[in-house]
Amino acid sequence: KAQDVKKQAQDKAGDAKKQFDKKVEEGKDKAQDLKKQAGEKVDEAKDKVEDVKKQAQDKAQDVKKQAQDKAGDAKKQFDKKVEEGKDKAQDLKKQAGEKVDEAKDKVEDVKKQAQDKAKKQAGEKVDEAKDKAQDVKKQAGKKVDEAKDKAQDEKKQAQDKARGRKEAGTGQGARRQEASR
């Protein structure tokens, strides 16, 4: 019977280890999926950043073109105000350059924020998966320890019972057994 108990304890320990290994694999798979999702989000963010950048460049080109058009019109229409027209065109060109610079800065900020957010989320998901795997490992360890303790208790009870039977065969054992009742 002690061997049966021992085998049962070993089987339970083996089952607990299999469950632990399965949970660890699931945790790894989940971490990989989250990592993949984070990569996809970073790629999406990059695409959005490129779209914003292109829109900003297009807008800057439009503003620049408008500035040049206005400068040309001013020169044709107001010969005596040529200098004022040139100054105005220069101002508009300068503003367009500043807007392009601002747009570039904003695009870089958006890109960095998106990357930071994606990295942070991926890190959090990986940490959660690690924590979950640790919990599963601890639970499996506890179950293994409980199974070992139970097996040892049952083994000791079986030994005590066997010793009691052996002593019962002698007069002294019979008296001890009688006294213990």
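User: How is "partly exposed" defined, and at what relative accessibility does Lys23 get that label?

Analyst: Happy to start there: buried means under 20% relative accessible area and exposed means over 50%, with partly exposed in between. This is a predicted model, and Lys23 is found in its helix 1. Lys23 counts as partly exposed because its relative accessibility is 40%.

User: Which element gives the most to the positive patch?

Analyst: Good one to trace on the structure. The patch of positive charge on the surface gathers Lys22, Lys23, Lys30, Lys41, Lys117, Lys125 and Lys132. Helix 1 (2–77) and helix 2 each supply at least two of its residues. With four residues, the element that gives the most is helix 1.

User: Which elements give two or more residues to the negative patch?

Analyst: Let's look at its members. The patch of negative charge on the surface includes Glu40, Asp43, Glu44 and Asp47, and also Glu98, Asp101, Glu102 and Asp105. The elements that give two or more residues to this negative patch are helix 1 and helix 2.

User: Is Asp43 buried, exposed or partly exposed?

Analyst: Asp43 has its place in helix 1, and it is one of the residues in the negative patch. Its relative accessible area is 43%.

Terms used:
Residues are numbered from 1 along each chain as its sequence is written. This is a predicted model: local features need pLDDT of at least 70, side-chain atom pairs count only at pLDDT 80 or more; totals for chains, interfaces and linings use all residues. Side-chain values use heavy atoms; hydrogens and water are left out. Patches are made of residues with over 30% relative accessible area and no salt bridge: like charges are joined within 9 Å, nonpolar side chains (Val, Leu, Ile, Met, Phe, Trp, Tyr) within 5 Å. Accessible areas come from the Shrake-Rupley method with a 1.4 Å probe; for residues, only the protein chains shown count as cover. A salt bridge is a side-chain nitrogen of Lys or Arg within 4 Å of a carboxyl oxygen of Asp or Glu. Lys and Arg count as positive and Asp and Glu as negative; His and the chain ends are not counted. The place of a charge is taken as NZ of Lys, CZ of Arg, CG of Asp or CD of Glu. Buried means under 20% relative accessible area, exposed over 50%, partly exposed in between (1.4 Å probe, protein chains only).
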